Amino acid sequence: MMSITNLQDQYDVVVVGAGPGGMAAALAALRTGVDSVLMVDREVEPGGILNQCIHNGFGLHHFGEELTGPEYAQRFLTDLLDHHIDIATDCYVLDVTPDRLVTLMSPSVGVRQVLAGAVVLAMGARERTRGAIRIPGRRPSGVMTAGLAQKFVNQMGLLPGRRAVILGSGDIGLIMARRMTLEGVEVPGVFEIMPHANGLTRNIVQCLHDFDIPLHLSTTVVEIHGRDRVEKVTVAPVDERLQPDLSRARTIKCDTLLASIGLIPENELSQKLGLRIDPTTAGPVVSSTMETSRDGVFAAGNVVHIHDLVDFVSQEALLAGENAARYVTGRRPPADNIKLNAGTNVASVVPHTISSDREHTVYLRVRHPLEKSWLRLGEVYEKRLRYVVPAEMVSLKVRPRFLEHFHGDSLTIDIVPRDEPGREEM
Amino acid sequence: MSTDNDLQTTQYLCIGCPLGCRLEVDEDPAGDIVEIRGFSCRKGKTFAEREHTDPRRMITTTVGVTGGLWARLPVHATEEMPKHQMWDVIDLLRTVSVTAPVAMGDVVVAGILGSEVDVVASRDMPAADPAA
Ligand SMILES: Cc1cc2nc3c(=O)[nH]c(=O)nc-3n(C[C@H](O)[C@H](O)[C@H](O)COP(=O)(O)OP(=O)(O)OC[C@H]3O[C@@H](n4cnc5c(N)ncnc54)[C@H](O)[C@@H]3O)c2cc1C
Ligand code: SF4
């Protein structure tokens with residue numbers, strides 16, 4: 001598309017990945033005043049996963065209107081192209097060293113190394129595959145992730161099959177149930193192992209109810225049948241311990257199984273770099289400036305933790321890009337002095353540390369749905385929440401005044417039912 | 001739907017927030033709304049009214065594109081359209097094909113199904129080979 005071939009040997013900031021995370025980071029770095037930025041992506045064009053998300057629902061927070069995925073991406077790209085930036089597409093980042101030597105490979109430049117003043121990792125996430133949940137049976141064709149099917153249908157114009165069962169009720173699975181139906185593919189049902197749907201109610205209504213597609217909760221696919229091509233799947237209800245009850249199993253004819261069973265941060269590069277990884281997010285541990293455990297290496301977006309709203313990806317990445325530029329120009333803010341811990345009903349917290357001198361946005365994921373709860377930040381702050389669900393990230397503004405009289409070095413965040421008087425015994 | 005004393009009750013799931021309140025709308029034989037139940041806030045009531053009398057959806061899909069970077073061009077209607085027109089719009093768009101390059105916002109079908117609503121490109125679609 002607009003890939004450059006005359007790479008410099010050195011850049012102030014190199015951004016790995018050109019999804020919404022990478023684009024916002026590059027934009028913020030340029031606005032903060034560095035001279036040279038290189039953004040690299042292995043796809044043929046910038047935009048990341050948004051290019052295949054043709055539905056609307058993006059940008060309500062960031063742009064104040066509902067955009068489709070491609071529109072959201074293009075708005076950022078247009079802003080970016082107002083600045084001087086080098087973009088290398090169709091180009092893999094193979095390696096980043098602790099000294100920030102970045103190895104790239106593409107058909108047009110071959111293998112090249114560039115030295116970066118700071119690096120922003122924005123590689124996004126990849127989908128969990130069937131292997132991750134071990135469904136027994138043969139390996140016929142017709143089994144794929146919902147996101148891959150989305151790319152086939154929305155960009156390449158290929159239909160994955162004629163009758164598709166969907167495993168997993170996350171938003172991607174729901175959106176694909178509608179998309180396949182609109183393309184004339186029959187969708188006999190969506191099967192979810194948990195007792196609750198993982199996607200937004202809006203998607204349950206507009207992607208399933210509108211088309212009379214049944215959603216089977218507490219049910220999973222236990223076997224895939226077929227030699228060369230999927231012929232049918234066996235589904236069975238599960239008990240509270242998620243164990244299938246095979247005596248109530250039944251088979252469903254289909255030629256395609258789309259798995260929408262979650263995203264995992266794409267962290268091969270981070271692992272090679274030896275970054276500290278948080279086992280709860282599967283992404284790098286980051287400070288309040290989105291800096292990882294390596295000096296001058298920043299990260300943002302789905303590579304850090306899985307986001308449900310792209311707007312939050314952009315916000316987080318603007319912060320990462322700004323701080324990468326500050327790192328290069330020697331204008332770093334004071335270091336963090338408070339560690340954040342995930343407490344009761346909190347699965348993960350990002351960032352992992354904050355400082356008491358400025359305002360921070362902290363993102364939390366809960367373990368279980370709760371109506372009417374308290375969100376407590378140690379003993380220093382509490383707020384009422386009307387509801388929490390695992391599918392929606394909770395964001396918390398931590399203001400310096402909360403911490404005026406706090407002299408400890410760590411704070412635990414709990415989300416507890418409102419009728420419960422205090423924190424659970426530790 | 002169920003009938004009780006000539007009232008027809010229809011159920012809806014509120015999409016206003018993750019609480020997902022189960023809403024019920026009672027309608028009398030004249031087709032007027034008599035009662036709305038099940039909401040926990042105003043948003044839910046408004047949603048039930050709208051969903052019962054004039055449900056609308058944002059339509060997004062793709063059309064064919066020749067000579068483009070990709071085989072499909074994502075498009076969307078400029079406004080929400082009545083839900084019952086969705087299939088007609090989709091079926092019509094399935095027959096449409098454009099030629100690259102296309103710019104974001106370009107009108108692909110003007111005034112679809114005789115409405116005031118246009119269907120426009122959701123992105124730029126550059127030609128497959130910029131040199132060509
Ligand atoms: C199917 C689907 C539906 C969604 N629906 C919504 C929605 O309705 N509303 C909403 O707000 N959000 C939605 N989201 C979430 C939102 O799209 C994501 O949170 C967002 O795109 C993440 O941005 P990112 O930049 O972190 O990652 P990505 O968009 O995944 O971008 C990462 C980029 O990095 C590149 N890359 C990775 N590794 C390398 C490497 N080694 N070298 C070079 N390049 C590399 C990839 O090619 C990719 O382009 C959806 C997500 C999906 C998957
Ligand atoms: S009625 Fe109000 S509280 Fe209930 S789901 Fe709708 S918006 Fe949420």
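## Salt bridges

Over all chains, the structure holds 26 salt bridges. The model is predicted, and the pairs described below are computed from its atoms. Side chains of opposite charge can pair when their charged atoms come close.

In chain A, one such pair consists of A:R358 and A:D357, whose closest N and O atoms are 3.4 Å apart. A:D357 counts as partly exposed because its relative accessibility is 42%. A further salt bridge links the side chains of A:R399 and A:E359, with an N to O distance of 3.0 Å. A:R399 belongs to the loop between β28 (394-398) and β29 (410-417) of chain A, and A:E359 to the loop between β24 (353-354) and β25 (360-366) of chain A, so this pair ties together parts that are 40 residues apart in sequence. Both partners are partly exposed: A:R399 has a relative accessibility of 31%, and A:E359 has one of 41%.

In chain B, the side chains of B:D54 and B:R56 form a salt bridge at 2.9 Å, N to O. B:D54 is classed as partly exposed because its relative accessible area is 28%; B:R56, with a relative accessible area of 27%, is likewise partly exposed. In chain A, salt bridges with shared partners join A:R42, A:R126, A:E266 and A:E268 into one network.

## The site of ligand 1

Ligand 1 is surrounded by 31 residues, of which A:G21, A:D41, A:I49, A:N302 and A:V310 are the closest. Several elements of chain A contribute to this shell: α1 (20-32), β3 (56-58), β6 and α7 (310-329) each supply at least two residues. By residue class, the shell around ligand 1 comprises 16 nonpolar, eleven polar and four charged residues.

Backbone atoms of the protein approach oxygen atoms of ligand 1 at several positions. A backbone N or O atom of A:N302 lies 2.8 Å from an oxygen atom of ligand 1. For A:I49, the distance between a polar backbone atom and an oxygen atom of ligand 1 is 2.9 Å, and for A:A122 the corresponding distance is 3.5 Å. On its own, ligand 1 has 1000 Å² of accessible area, and the protein covers 93% of that area.

## The site of ligand 2

The site of ligand 2 is shared between chains, because residues from chains A and B surround the ligand. A:R386 is part of the shell, together with B:C14, B:G16, B:C17, B:L19, B:G20, B:C21, B:F39, B:S40, B:C41, B:K43 and B:G44.

## A nonpolar surface patch

A:Y92 counts as partly exposed because its relative accessibility is 43%. Strand β6 is also one of the elements that supply at least two residues of the shell around ligand 1.

## Backbone features

Two cis peptide bonds are described here. In chain A, the bond joining A:V350 and A:P351 is cis, with omega about 0°. A:P351 is placed in the loop between β23 (346-350) and β24 of chain A. In chain B, the peptide bond from B:A100 to B:P101 is cis, and its omega is near 0°. B:P101 lies in the loop between β9 (97-99) and β10 (107-109) of chain B.

Positive phi values occur in residues other than glycine. For A:R100, phi is near 65°, and the residue is not a glycine. A:R100 is placed in the loop between β6 and β7 (101-106) of chain A. Is A:R100 buried or exposed? With a relative accessibility of 15%, A:R100 counts as buried, since buried means under 20% relative accessible area.

A:K372, also not a glycine, has a positive phi of about 40°. The place of this lysine is in strand β26 (residues 370-377) of chain A. A:K372 is exposed, because its relative accessible area is 52% and the cut-off for an exposed residue is over 50%.

Methods
Residues are numbered from 1 along each chain as its sequence is written. Chains are lettered from A and ligands numbered from 1 in the order in which they are written. This is a predicted model: local features need pLDDT of at least 70, side-chain atom pairs count only at pLDDT 80 or more; totals for chains, interfaces and linings use all residues. Side-chain values use heavy atoms; hydrogens and water are left out. Buried means under 20% relative accessible area, exposed over 50%, partly exposed in between (1.4 Å probe, protein chains only). A residue is near a molecule or strand if one of its heavy atoms lies within 4 Å of it. A polar contact is a pair of N or O atoms within 3.5 Å; within protein, one must be able to donate a hydrogen and the other to accept it, and residues adjacent in sequence count only if both atoms are side-chain atoms. Accessible areas come from the Shrake-Rupley method with a 1.4 Å probe; for residues, only the protein chains shown count as cover. Helices (H or I, at least four residues) and strands (E, at least two) are DSSP runs, numbered from the N terminus. Ala, Val, Leu, Ile, Met, Phe, Trp, Tyr, Cys and Pro count as nonpolar, Asp, Glu, Lys and Arg as charged, and the others, Gly among them, as polar. A salt bridge is a side-chain nitrogen of Lys or Arg within 4 Å of a carboxyl oxygen of Asp or Glu.
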